[in-house]
Amino acid sequence: MAIDRSKIRSVQEPSLSLFPMMNLMCIMIPFLLTSTAFFHLAVIDTQAIVQAEEGPGLEAPEGPIPLDLSLMIGLEGFQLSSSQKIYEGNTQALIPKLGNGEYDFARLRDVLYAIKKDGHENSDTIYIGTAAGISYAAVITVLDYCRDIKLDDGKGGEAAPPPEPAADGEKPVKKGPYLLFNKVFFQKV
Amino acid sequence: MARKIRRSRSGDADLNITSLMDIFTILLVFLLQNYSVTEVKLTPPKGVSLPPSSAQIEPEVLPDITISKDSISFDNTPILTLVGGVVEERYYDQNKTIEPLLKAIREKLATQEYIQQLREKSGATAAPATPEVVDDDGETPEQPGHQILLLAHKEHSFKLIEDVMFTAAAAGISKFKFAVMKND
């Protein structure tokens, strides 16, 4: 029963060479570092309204008059207005700030959705004006709510999608990121 | 003593690279997650913290106006310094446009038009006219010279951004692309 030491030495497993793997890593890491985006940027398309020079007046457009929806971002809240009836039979809709002094973005989204659904499915233009003292970040948040309905309930969960219109010949509402008013024009107040 | 020396000479020292491999693997996974295949890679300039947004449109190469915490620059050329987050009154002209910025944009546009004219001239003599480029919607795409990418610090008052926009509009550019940080 004596142990043969020479036999034990021969059973040892050969160690796995990691050098080819290291070489691969050393090639891949510099390549990935050069093509990695640490900041994911996007853009929002907008336009500024410039006063046109005086000339022959514009011809009246054929068909229904497009919606001229204006949104004023004030220090007290939002004010939506138009020359046409937009919300609950009125040409204006006021959305005051919440009790904690924050803008009521959820209400703005609901009102915009109601306007869009109420016979203005083809309108996609909104004119935005701002009062003095409004921050750029607040305007960007307003643009987000004006452009689409975010399907979240503000608590990290998903809210129910906007209701579909009745199937009696109405244009179906696009599901997912439902576009509201994605043509944004800024006007000087 | 002599025995000890013989043993150290005969055996090669093995470098344990397993822990290094672990680091590299984690690094590789992180880099693969952030790997970007977009043509344009933009990084916010120093002193600019872009506002977050749900926008998903990828940026493109355009002339840019950067409004950082304390300065305004156009196409990487510093134009003026902001004092307390606003443009000093002396920089405004009677039309409420920012005069140095207006001048810089007009100069840039004039240069672009000059280059365009040169291209048209050389194209007319040297090469046959290329067919008009039409995008997916069947419309002729906007000339890049008539749009501006706006990289503005999120804490600024929108009044400042508006003044910059309407200054650019006075120079003939009315389309803007607000650069924002994507919400993940």
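How many bridges join strand β1 of chain A to β6(B), and do the strands run parallel or antiparallel?

## Strand pairing across the chains

This is a predicted model. In it, strand β1 of chain A, residues 41-48, is joined to β6(B) by 7 bridges, and the two strands run antiparallel. Within this pairing, V43(A) stands opposite A179(B), a residue of β6(B).

## Extent of the contact

Chain A gives 45 residues to the contact and chain B gives 53 residues. About 4,600 Å² is buried between chain B and chain A, and 68% of that area comes from carbon and sulfur atoms. On the chain B side, the residues that lose the most area to chain A are F158(B), F166(B) and F178(B); together they make up 14% of what that side buries.

## Salt bridge and polar contacts

Between chain B and chain A the count is 1 salt bridge. In a salt bridge, the side chain of D45(A) meets that of K177(B), at 2.6 Å from N to O. There are also 13 residue pairs in polar contact between chain B and chain A, with both residues at pLDDT 80 or more.

## The chain B side

Which elements of chain B give two or more residues to the side that touches chain A? They are the helices α2 (18-33) and α4 (158-170), together with the strands β1 (52-53), β5 (147-152) and β6 (175-182). The largest share of this side is 10 residues, and it comes from α2(B).

By residue type, the side of chain B that touches chain A has 31 nonpolar, 12 polar and 10 charged residues.

Methods:
Residues are numbered from 1 along each chain as its sequence is written. Chains are lettered from A and ligands numbered from 1 in the order in which they are written. This is a predicted model: local features need pLDDT of at least 70, side-chain atom pairs count only at pLDDT 80 or more; totals for chains, interfaces and linings use all residues. Side-chain values use heavy atoms; hydrogens and water are left out. Contact means heavy atoms within 4.5 Å. Buried area is the accessible area (1.4 Å probe) that two parts lose on being put together, summed over both. A salt bridge is a side-chain nitrogen of Lys or Arg within 4 Å of a carboxyl oxygen of Asp or Glu. A polar contact is a pair of N or O atoms within 3.5 Å; within protein, one must be able to donate a hydrogen and the other to accept it, and residues adjacent in sequence count only if both atoms are side-chain atoms. Helices (H or I, at least four residues) and strands (E, at least two) are DSSP runs, numbered from the N terminus. Ala, Val, Leu, Ile, Met, Phe, Trp, Tyr, Cys and Pro count as nonpolar, Asp, Glu, Lys and Arg as charged, and the others, Gly among them, as polar. Two strands pair if DSSP finds at least two bridges between them.
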